[in-house]
Amino acid sequence: DIVRANKFVHEATGAPVEGIDVPVVGGHAGATILPLFSQVPACWYMTAEQIVALDKHVQDAGTDVVNAKGGKGSATLSMAYAGAKFGNAVLCGLAGIETTECAYVIRGSEEELPYLASKVTFGRNGVKEAHGFGPMNAYERGRLAECLAQLKDEIAAGVGYAQTQELAIEKRSRAVAAIPAKPSPLPLTRYAPDMEKTGSFKVCVCGGAGGIGQPLCLLMAQNPHVSELCVVDLTIAMVPAEGVATDLSHLDKKSKVKGYALDKDDKPLDKLAECLTGCHLVLVPAGLPRKPGMARADLLGVNAGIAKNIVEACAEFCPDAILGLIVNPVNSVVPAMCELYKKAGLDPRKICGVTSLDIVRANKFVHDATGAPVEGIDVPVVGGHAGATILPLFSQVPAAKSFTKEQIVAMDKHVQDAGTDVVNAKGGKGSATLSMAYAGAKFGNAVLCGLAGEETTECTYIMRAAAEGAPLPYLASKVTFGKTGIVKAHGIEKLNEYEQGRFEECLTQLKDEIDAGLQYAQTTSLAR
């Protein structure tokens with residue numbers, strides 16, 4: 001409720017969302033939700049009619065999302081964001097940083113009802129203080145009376161249920177702190193951070209309503225560099241793109257979110273002019289998964305066609321954008337799309353294969369094995385993005401210096417097989433959607449930081465220049481992003497004996513997969 005109220009005030013007033021903190025009191029359903037806009041400086045010049053409309057907008061926001069999703073889902077993404085925001089407040093408190101967040105808790109004996117939502121400060125032992133509502137105007141006092149009347153019945157229903165049940169645990173006699181009879185005064189409002197160093201970029205996620213796309217959009221909508229986010233998917237997607245966009249539009253971040261839907265036979269080139277024009281970054285978690293018995297050549301034929309449709313629309317409407325492809329088989333699809341860009345007279349280094357998940361996994365596995373702080377681990381992963389073409393260079397990581405040869409071999413295989421491990425753990429009901437979304441957002445952030453003037457390095461799979469002396473025309477390694485996109489593709493530093501042998505194995509397989517992509521590109525061109 002607070003997240004939504006903050007965002008809606010930002011949209012109505014243009015005030016920086018980072019400085020808006022609307023207290024929302026009462027309960028968490030319909031008319032029991034009471035945003036106190038009178039306590040927010042950004043709202044002081046709004047008319048009474050605007051306040052009433054904004055109040056109703058907050059109350060009805062959940063229904064708006066359900067309607068936008070066509071009954072195929074509810075506010076899952078914005079609720080996840082809000083739940084994480086609450087969880088962070090609790091954890092900060094437990095860590096000794098007292099943090100205030102609105103929450104619905106048991107109240108003292110002298111308050112209007114035994115359960116109410118208001119600002120609550122969390123400390124080392126959990127809830128430290130439940131704060132009062134603060135000053136209210138006449139409209140809010142009237143709404144509070146309505147809120148309390150409905151909430152009283154709903155509380156009574158819960159208390160009635162509790163009288164018929166007990167927890168199936170042994171009753172404990174530990175001391176519990178008494179609940180203060182009266183609430184504490186309101187705390188100071190939150191500090192608005194300096195946002196001068198952040199960019200203001202338009203980002204599009206093609207395939208944004210899918211298993212990778214939805215969490216990827218959730219993460220990108222929170223990125224401080226993103227001012228506009230476009231969610232694109234087919235009308236046959238599990239959830240309508242417009243529904244995902246409506247859900248994400250409730251996050252109290254500066255990004256404006258809009259959805260675009262395509263019918264299965266629509267061409268992006270014909271339908272996505274508005275969506276793609278002005279884009280700085282296009283992330284593409286699209287394509288079909290490989291099915292049992294399906295040849296890699298068949299998968300390439302299908303997914304390269306999907307990628308081509310999106311890439312040719314980008315070539316027309318945002319030719320200077322960075323394209324991050326998460327389309328399997330990446331080792332073949334990226335060369336195919338780069339060659340098509342080159343044939344069209346465009347810069348093929350605007351197209352990158354997103355391999356960040358290999359690095360994310362390698363970093364985590366080293367941390368798990370050594371206990372070294374994961375923030376200080378950065379495993380370069382070179383080669384490609386499938387099976388034996390994935391080569392983590394553990395010899396270049398101080399935390400892995402103590403590994404035996406057997407440990408290195410096992411860790412190398414663990415990184416290669418990690419995707420299959422996830423598929424097996426999900427019982428065939430899904431793949432690495434969440435970790436891939438995280439990795440895609442990590443790649444996206446590196447690109448956006450670079451565009452904003454902060455050069456940032458991330459491993460990715462790109463076309464290599466002849467002058468770079470790479471053993472193949474396409475290769476993953478560390479790449480530095482700057483204001484114009486890729487400013488440097490780094491070489492592969494000295495390898496140990498094991499890595500040298502693995503590198504040769506990697507190149508042999510990767511060459512064939514690159515060749516398959518190049519052959520595809522010879523059969524077609526971008527329709528510009």
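Predicted model: local features only at pLDDT ≥ 70, side-chain atom pairs only at ≥ 80, totals over all residues.
**Aromatic pairs, a proline and the nonpolar cores**

Student: How many aromatic pairs does the whole structure hold?
Tutor: A search of the whole structure gives 4 aromatic pairs, meaning Phe, Tyr or Trp (six-membered) rings with centres within 6.5 Å; planes under 30 degrees apart are stacked, over 60 edge-to-face, the rest tilted. One of them joins Y104 and Y115, a tilted pair with 6.5 Å between centres and 45 degrees between planes. Y104 belongs to strand 3 and Y115 to strand 4 (residues 115-123), 11 residues apart.

Student: Why does Y104 count as partly exposed, and what about Y115?
Tutor: Y104 is partly exposed because its relative accessible area is 41%. Y115, at 30%, is partly exposed too.

Student: And what sort of pair do F443 and F481 form?
Tutor: F443 and F481 form an edge-to-face pair, with 5.7 Å between centres and 90 degrees between planes. This pair links helix 13 (residues 433-451), which holds F443, to strand 15 (residues 474-482), which holds F481, across 38 residues. Helices (H or I, at least four residues) and strands (E, at least two) are DSSP runs, numbered from the N terminus.

Student: New topic: where is P329?
Tutor: P329 sits in the loop between strand 10 (322-325) and helix 10 (330-343). P329 is buried, with a relative accessible area of 12%. Leaving aside residues up to four places away in sequence, P329 touches L299 and L300, contact being heavy atoms within 4.5 Å.

Student: What joins N328 and P329?
Tutor: A cis peptide bond joins N328 and P329, with omega at about -5 degrees. Most peptide bonds are trans.

Student: Which residues touch the most other members of the largest nonpolar core?
Tutor: They are C204, L276, V282, M337, Y341 and I351, in a core of 54 residues. Helix 9 (residues 296-317) gives the most to this core, 9 residues. Apart from this core lies another, of 47 residues, including L216, L283, L357 and A446. A core is a set of buried Ala, Val, Leu, Ile, Met, Phe, Trp, Tyr and Cys residues joined through side-chain atoms within 4.5 Å.

Technical notes: Residues numbered from 1 in each chain as written. Heavy atoms only, no water. Buried < 20%, exposed > 50% of the residue type's maximum accessible area, 1.4 Å probe, protein only.
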